[in-house]
Each structure stands twice: as structure tokens, then as C-alpha cells.
Amino acid sequence: MNEEVRTDEECLKLLADYEQAYEKDLKEAKQRRDNRKSIALNKWANVNARFNVGDIIESQGTIIQIDQRYGRNSPYYGTKRLYVEYRGPQLTKKLHPRKDGERSSIYDDGREIKKINIVKEKL
């Protein structure tokens, strides 16, 4: 029989290579699982969101114009709770974008949120 004999160094290198490949595969599997979870959360958010893209909302002194909606979940007193995160550029009290281009989020997780309606003047 022709058996391959490896030195200790070769065995250690081979084991390290296998471990790296395993870690890479494990990380990819975890990312795929997370992607499925975030897709499901975002579908839920699109169905259950109170506000639409383009709306201007205010909560706790922060005003944004919504350009993105995401579904989120977090442990809340021992249970999982779903909520919608609205993201967009922060606006000033006069409803103009901030000069520094700051973006912010408002979370629809039980906090008071007001929709700001813009009244268009007649010409």
C-alpha cells in the first residue's frame, strides 16, 4: 500500500485550512439565514407601515422625510416585538433638509409619531 505520510507541520496547516473553510461556510450560512429573516421583516413592514415613503413625520423632536422603511424586531420584556423603522433625511422645523445632510430614524414601536401635512398655497 502506498500511504501518504505527513509531517506534524503539514497536519497542523491542513487542519487550519479546514477550520478556515468551515468558518467561512458557517458564516455564509448564517448570512443566508439572516437575509431570509430581513426579507420577511421588510415584507411585514411594507404591509403594516402606518406611513408611506415621501411622508414627513415627527417624533421626539426629530423630523424626517421617509425614504426607506425596514421591519425590525427586538426583545421587549421577554417577548419578540415587531416594529417599523422609518429612515430619511433629517429636516429643520421649517421642513428644509439640514445643511449637514444628517439622516435619522424614527421607530414605530409605541412612541408618539405625528405626520406633518404640507399645505400647498393657492396661486
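Reader: Helices (H or I, at least four residues) and strands (E, at least two) are DSSP runs, numbered from the N terminus. In what order do the elements of the protein chain run from there?

Author: The order is α-β-β-β-β-β-β. That is one helix and six strands in the protein chain. This is a predicted model: local features need pLDDT of at least 70, side-chain atom pairs count only at pLDDT 80 or more, and totals for chains, interfaces and linings use all residues. Residues are numbered from 1 along each chain as its sequence is written, and side-chain values use heavy atoms, with hydrogens and water left out.

Reader: How much of the protein chain is buried?

Author: Of its 123 residues, 22% are buried. Buried means under 20% relative accessible area, exposed means over 50%, and partly exposed is in between (1.4 Å probe, protein chains only).

Reader: Which residues make the nonpolar surface patch?

Author: Leu12, Leu15 and Tyr18 make it, and it covers about 370 Å². Patches take residues with over 30% relative accessible area and no salt bridge; like charges are joined within 9 Å, nonpolar side chains (Val, Leu, Ile, Met, Phe, Trp, Tyr) within 5 Å. A salt bridge is a side-chain nitrogen of Lys or Arg within 4 Å of a carboxyl oxygen of Asp or Glu.

Reader: Where does Tyr18 lie, and is it buried or exposed?

Author: Tyr18 belongs to helix H1, which spans residues 8-48. Its relative accessible area is 54%, so Tyr18 counts as exposed.

Reader: Which residues form the positive patch?

Author: Lys30, Arg32, Arg33 and Arg36 form a positive surface patch. Lys and Arg count as positive and Asp and Glu as negative, while His and the chain ends are not counted. The charge is placed at NZ of Lys, CZ of Arg, CG of Asp or CD of Glu.

Reader: New topic. How many salt bridges does a search of the whole structure find?

Author: It finds 10. One of them links Lys13 and Asp17.

Reader: How far apart are the closest N and O atoms of Lys13 and Asp17?

Author: They are 3.2 Å apart. Both residues are in helix H1, four residues apart, which is about one turn of the helix. Lys13 is exposed at 53% relative accessibility, whereas Asp17 is partly exposed at 34%.

Reader: What about Arg50, which side chain does it meet in a salt bridge?

Author: Arg50 meets Asp108, with 2.9 Å from N to O. Arg50 is in the loop between H1 and E1 and Asp108 in strand E5, so this pair ties together parts 58 residues apart in sequence. Asp108 is buried, at 16% relative accessibility.

Reader: And which residue forms a salt bridge with Lys114?

Author: Glu58 does, the closest N and O atoms being 3.8 Å apart. Lys114 is in strand E6 (residues 114-116) and Glu58 in strand E1, so the two tie together parts that are 56 residues apart in sequence. Lys114 is partly exposed with a relative accessible area of 44%, while Glu58 is buried at 17%. Salt bridges with shared partners join Glu58, Lys93 and Lys114 into one network.

Reader: Back to the strands. Where is Thr62, and is it buried or exposed?

Author: Thr62 is in strand E2, residues 62-65. It is buried, with a relative accessible area of 18%.

Reader: What is Thr62 in contact with?

Author: Neighbours within four places in sequence aside, Thr62 is in contact with Ile57, Gln90, Ser104 and Ile106. Contact means heavy atoms within 4.5 Å. Across the protein chain, residues 24 or more positions apart account for 47% of the contacts with a separation of 6 or more.

Reader: Last one. What is the phi of Gln60, and of Leu95?

Author: Gln60 has a positive phi of about 50 degrees, although it is not a glycine. Gln60 is in the loop between strand E1 (56-59) and E2, and is exposed with a relative accessible area of 64%. Leu95, also a residue other than glycine, has a positive phi near 65 degrees. Leu95 is in the loop between strand E4 (79-89) and strand E5 (103-108), and counts as partly exposed at 26% relative accessibility.

Methods: Areas by Shrake-Rupley, 256 points an atom, 1.4 Å probe, with all protein chains shown as cover.
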